[in-house]
Amino acid sequence: MPAPGENLRTNSARLWDSLMEMAKIGPGVAGGNNRQTLTDEDAEGRALFQDWCTAAGLTMGVDRMGTMFATRPGTDPEALPVYIGSHLDTQPTGGKFDGVLGVLAGLEVIRSMNDLGIRTRHPIVLTNWANEEGARFAPAMLASGVFAGEIDLDYAYARKDPEGKSYGAELERIGWKGDEEVGARKMHAYYEYHIEQGPILEAENKTIGVVTHVQGLWWLEFTLTGKAAHTGSTPMAMRVNAGLAMARIFEMVEEVTMAAQPDAVGGVGQVTFSPNSRNVLPETVVFTVDIRTVDQAKLDHMRAEIETRAEEICAALGVTCAIEAVGHFDPVTFAPELVETVRAAAEKLGYSHRDIVSGAGHDACWAAKLAPTTMIFCPCVDGLSHNEAEEISPEWAAAGADVLLHAALETAEIVEA
């Protein structure tokens, strides 16, 4: 079985052109993208991706969650496929690279294999997971969670966006509900390439992040119910102030997280007040606490501490507190053999690299429950992501694609070149 030589590279210009072409679909207001899942813009991006896959000789399959699987056949009909991929959906004010880089770099890997006449024993399947971001339909990584058997299909279909539209209905509306049973496919291995979404690689002048673990997380949605009352005429001692309870919980989350250092993070990114009037104390406050760490025991302790103390805070103020877990996955340790394959590929290609833990969740978290899995990171400018100003260089994009190519070929086993 021949091994790919260090001179084997992807077509960096073609990869960058593909990224810029996809970025034209669902443009944001400040140079990024708004291509949220199951919108018309998502459907348009999917159609372009399908056209590119067809042109590359791939066979497309779509499952009942809307995830797209484009297959390049192997020479052994009994060999399980090597999967590579990420997601095309974005945040409402997202960048041009988060998720998209992994999908289109995977396409470039296959295009380069076609150019060079490379065949592999294992098939290679390029994947666009549906609703990775969770921006419109919580939780994040919804389709891959159903695929892994961790989320119920009916529950996923019933998830609603802020306008009350359900995932199932919107999937039907845009015409991307497939026939495949979700999770019926089997994997030999899974690779995912992504921007780091943090500042470490750029700060240390490293080109490749060899991802060894992913932090576990809990998204805890709090609904605090007080009493709507006039802010000017209601005495301080007679208020049932859900907004005050929220503020004290915010401070408490900071305290719990700081006490859990090192390697733990926590905060609040979304708050809704009702009735949200400047001179009315809120009757209802809804917000989501996001806590993450790579240590399972620490993650469990943080959740228990936050929930217990939040209930105590609310009870002291006469505020009702309801807490729902709307997103979760345990810390993930990636397959050591694939991690080593990525590390070896980076070294062979001469790219500087370091081991790194992912602070964000990815579809690879669920894939890791099904097959050996790992990820590859490239730097992003100032560590900025989930922001329209998100930026990477063509050189960074190409380096990670080259590592992905070599790692995928090593695992899929070249039979002739």
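The model is predicted: local features need pLDDT of at least 70, side-chain atom pairs count only at pLDDT 80 or more, and totals for chains, interfaces and linings use all residues. Residues are numbered from 1 along each chain as its sequence is written, and side-chain values use heavy atoms, with hydrogens and water left out. The protein chain is assigned domain 1 (12-215 + 332-415) and domain 2 (216-329). These bounds come from an automatic or database domain assignment.

**Domains and their contact**

- The centres of domain 1 and domain 2, taken over C-alpha atoms, are 33 Å apart.
- Domain 1 gives 12 residues to the contact, and domain 2 gives 12 residues. Contact means heavy atoms within 4.5 Å.
- About 880 Å² is buried between domain 1 and domain 2, with 65% of it on carbon and sulfur atoms. Buried area is the accessible area (1.4 Å probe) that two parts lose on being put together, summed over both.
- On the domain 1 side, Pro-139, Gln-215 and Trp-366 supply 49% of the area buried against domain 2, more than any other three residues.

**Recorded features**

- UniProt lists residues 214-314 as "domain: Peptidase M20 dimerisation" in an unreviewed entry. UniProt positions follow the numbering used here, feature names are shortened, and annotations may be inferred rather than shown by experiment.
- The span 214-314 is 37% helix and 36% strand, and its end C-alpha atoms lie 33 Å apart. Helices (H or I, at least four residues) and strands (E, at least two) are DSSP runs, numbered from the N terminus.
- The unreviewed UniProt entry gives a "binding site" at His-87, Asp-98 and His-194. These residues spread over 108 residues of sequence, yet they cluster in space, with a largest C-alpha distance of 9.7 Å.
- A "binding site" is also listed by UniProt (unreviewed entry) at Asp-98, Glu-133 and His-386. They spread over 289 residues of sequence but cluster in space, with a largest C-alpha distance of 9.6 Å.
- Asp-98 sits in the loop between β3 (82-86) and α3 (100-116).

**Cavity and pocket**

- One cavity of 30 Å³ or more is found in a search of the whole structure. On a 1 Å grid over the protein atoms alone, a cavity is a set of points where a 1.4 Å probe fits but cannot get out; a pocket is an open set with protein on both sides within 12 Å along at least five of seven lines; lining residues have an atom within 4 Å of a point.
- The largest cavity holds about 30 Å³ of space. Grid points are joined across faces, edges and corners, and a volume is the space filled by probe spheres set on the points.
- Residues lining the largest cavity include Thr-37, Arg-46, Leu-88 and Trp-129.
- The second largest pocket holds about 180 Å³ of space. Its lining includes Gln-36, Asp-40, Arg-136 and Lys-165.
- α2 (40-55) and α6 (167-174) each supply at least two residues of that pocket's lining.
- Eight charged, two polar and two nonpolar residues make up the lining of the second largest pocket. Ala, Val, Leu, Ile, Met, Phe, Trp, Tyr, Cys and Pro count as nonpolar, Asp, Glu, Lys and Arg as charged, and the others, Gly among them, as polar.

**Backbone geometry**

- Most residues other than glycine have a negative phi, and most peptide bonds are trans.
- The Gln-261 to Pro-262 peptide bond is cis, with omega near 5 degrees. Pro-262 is in the loop between α8 (242-259) and β10 (264-274).
- The Ser-274 to Pro-275 peptide bond is cis, with omega near 10 degrees. Pro-275 is in the loop between β10 and β11 (280-281).
- Asn-205 is not a glycine, yet has a positive phi of about 55 degrees.
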